[in-house]
Amino acid sequence: MPSDRLMRIHSPEFKAMSDRVLRATELTSRLNVLPFEDEAGKAELFERILGRPLPASATIYPPFYTDHGLRLDLAERVFINQNCTFLDYAGIRLGERVMVGPKATFITVGHPVDPGERREWLTGAPIDVAENVWIGAGATVLPGVSIGRDSVVAAGAVVADDVPPATLVTGPKATLNRQW
Amino acid sequence: MPSDRLMRIHSPEFKAMSDRVLRATELTSRLNVLPFEDEAGKAELFERILGRPLPASATIYPPFYTDHGLRLDLAERVFINQNCTFLDYAGIRLGERVMVGPKATFITVGHPVDPGERREWLTGAPIDVAENVWIGAGATVLPGVSIGRDSVVAAGAVVADDVPPATLVTGPKATLNRQW
Amino acid sequence: MPSDRLMRIHSPEFKAMSDRVLRATELTSRLNVLPFEDEAGKAELFERILGRPLPASATIYPPFYTDHGLRLDLAERVFINQNCTFLDYAGIRLGERVMVGPKATFITVGHPVDPGERREWLTGAPIDVAENVWIGAGATVLPGVSIGRDSVVAAGAVVADDVPPATLVTGPKATLNRQW
């Protein structure tokens, strides 16, 4: 996938982003110790994490992890199960009625593979998940991936390429080895 | 695997299940902020999560995640390491001396893949893990899977099919690509 | 990988190790409920978890999981993102400038696959990660693995064999299945 150079690690933009990462991490560290029934406390923290209120019809089960939050765009009726992670600096959109299973991970930022440049640049590209997509438990979606409407990502799959609409994405099957 | 239609999303049974999910999530949100040495606090919360006391010989390291709990049947001498997840509505049994590594995930419920039906039905099937099975770190066990006694699931494997006894289940090997 | 027999489960060494696991778990249960901005509280707990202060140039985002801690050797400028797990009894070294993505898992201990011996022995071998390695999100590194300098482990890969320097380790690609 295209994962563009976003900024140099030693730059004012990087410093600004890093400050937001610290702030977002403070906010999620408070969110994830609230009793689940503290609706007012959760609503206030989600508003500060996302920069706007969580849509009334969206559901998020704790714990919930992001490192930026302000570029995580959650539509109406989104459902996010326990223990999901969103590194959203380069932008993540979850369309209406997207369902996300527990322990799924969305990553929009990274580094060059070239070792000389790895600590010099932040790379990244946005993730776009269209309406009615279902992301299975423990799946990982990498920078730059778009997933078309109605598609399904099976549990544990690592998605590095775009997914057309109405497509089932499967990871590798496990192998049975008779042993004893 | 067979994953049966369990109930319509808009039904009294679904509402009853959802109420239990909210309650179980409240209970785990309290469990997972307790200091580990608070044995009395943990015992009380496990009893409310599971609907009966945790067996005295069972060990669970925190954090621990379930969304229902009442259908999670843990035998004597079960060992569950950190950060495991049990979506147990359709029933999960871990037999005696089952060992579960960190970040393993057991999922008994889901949705039809068909996009028109996906938001209409909850599907699912029970998971049965026989005596002395060892589930490796980060493994995922999907709805309807039975794992026979003494078997081993390697770290990171996604198990979608039944596993006979005395079998080693392996996921895919990583590939080394010389790069620079 | 070679994963040696470390000790019998019923032995004084095992009892000593288990006592440390309880203590380390108490400490991480406290660490992971601290507000992220409590620098003094975090520094004190990391010192007790690791048996020495966290290097000043190292960064760890919460939550952070280990079950022993005293054999986790973190060099200067190590960066560990959210939700990583280190079972370090047999020793884990992360060299200078190693970067670790969210939800990565490092496991140095295990059990024999043979079912008769599984509950009798603890096996294990150390993990060594050289300078400037980047471990991707959700990757798993197994007992005995050495990873050479500058290498990259892709998101979700399970690493069971040694990795030479300057190597990109990739897991399996997901498959697109047109469905509807």
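In this structure a helix is a DSSP run of at least four residues (H or I) and a strand is a DSSP run of at least two (E), and both are numbered from the N terminus. The model described here is predicted.

## Backbone features

A:Asn83 has a positive phi of about 70°, although it is not a glycine. The residue counts as buried because its relative accessible area is 2%, and buried stands for values under 20%. In chain B, B:Arg97 likewise is not a glycine and yet has a positive phi, here of about 65°. B:Arg97 belongs to the loop between strand S7 (92-94) and strand S8 (99-100) of chain B, and with 22% relative accessibility it is partly exposed.

Another backbone feature is the cis peptide bond. In chain A such a bond runs from A:Pro62 to A:Pro63, with omega near -5°, and A:Pro63 sits in the loop between strand S2 (59-60) and strand S3 (64-66) of that chain. In chain C the bond that joins C:Pro62 and C:Pro63 is also cis, with omega about -10°, and C:Pro63 is found in the loop between strand S2 (59-60) and S3 of chain C.

## A helix and a buried threonine

Helix H1 of chain C covers residues 12-31, and its 20 residues should span 28 Å at 1.5 Å a residue; the C-alpha atoms at its ends are 29 Å apart, which agrees with that expectation. Several residues of H1(C) are buried, among them C:Phe14, C:Met17, C:Val21, C:Ala24 and C:Leu31. An α-helix has 3.6 residues a turn, so residues three or four places apart point the same way. Which elements do the buried residues of H1(C) pack against? They pack against strand S1 (4-8), helix H2 (39-50), strand S3 (64-66) and strand S11 (121-124) of chain C.

In chain B, B:Thr108 lies in the loop between strand S9 (105-107) and strand S10 (109-110). This threonine is buried, and its relative accessible area is 0%. Its side chain reaches the backbone oxygen of B:Leu87 at 2.7 Å, while a polar atom of the side chain of B:Thr108 lies 3.3 Å from the backbone nitrogen of B:Tyr89. If neighbours within four places in sequence are left aside, the residues in contact with B:Thr108 include B:Ala90, B:Ile92, B:Thr123, B:Ile127 and B:Pro143.

## Salt bridges

Over all chains the structure holds 33 salt bridges. The table lists some of them.

| Salt bridge | N to O distance |
|---|---|
| C:Lys173 and A:Asp161 | 2.8 Å |
| C:Glu131 and C:Arg93 | 3.4 Å |
| B:Arg149 and B:Asp150 | 4.0 Å |

In the pair of chain B, B:Arg149 is partly exposed at 40% relative accessible area, whereas B:Asp150 is buried at 18%.

C:Glu131 and C:Arg93 meet in a salt bridge within chain C. C:Glu131 lies in the loop between strand S12 (127-129) and strand S13 (134-135) and C:Arg93 in strand S7 (residues 92-94), so the pair ties together parts of chain C that are 38 residues apart in sequence. C:Glu131 is partly exposed, with a relative accessible area of 22%, and C:Arg93 is partly exposed as well, at 27%. In chain A, salt bridges that share partners join A:Arg93, A:Asp128 and A:Glu131 into one network.

## Where chain C meets chain A

The salt bridge of C:Lys173 with A:Asp161 has its closest N and O atoms 2.8 Å apart. This pair crosses between chains, from the loop between strand S18 (167-170) and strand S19 (175-178) of chain C to the loop between strand S17 (158-159) and strand S18 (167-170) of chain A. C:Lys173 is exposed, with a relative accessible area of 61%, whereas A:Asp161 is partly exposed at 33%.

How many salt bridges are counted between chain C and chain A? The count is two. The contact takes 40 residues from chain C and 45 residues from chain A, and the two chains bury about 3300 Å² between them, 60% of it on carbon and sulfur atoms. On the side of chain C, the residues that lose the most area to chain A are C:Gln82, C:Lys103 and C:Trp180, which together make up 17% of what that side buries. Across the interface of chain C and chain A there are 18 residue pairs in polar contact. S19(C) gives the most to the side of chain C that touches chain A, with four residues.

Two copies of a chain are related by a rotation about an axis and a shift along it. Here a rotation of 120°, with 0.0 Å of shift along its axis, superposes chain C on chain A with an RMSD of 0.0 Å. The two copies are thus related as by a three-fold rotation axis.

How values were computed:
Residues numbered from 1 in each chain as written. Chains lettered and ligands numbered in written order. Predicted model: local features only at pLDDT ≥ 70, side-chain atom pairs only at ≥ 80, totals over all residues. Heavy atoms only, no water. Salt bridge = Lys/Arg side-chain N within 4 Å of Asp/Glu carboxyl O. Buried < 20%, exposed > 50% of the residue type's maximum accessible area, 1.4 Å probe, protein only. Least-squares fit on C-alpha atoms with pLDDT ≥ 70 in both. Expected span 1.5 Å × (residues − 1). Contact = heavy atoms within 4.5 Å. Polar contact = N/O pair within 3.5 Å; in protein donor to acceptor, adjacent residues only side chain to side chain. Buried area = accessible area lost by both parts, 1.4 Å probe.
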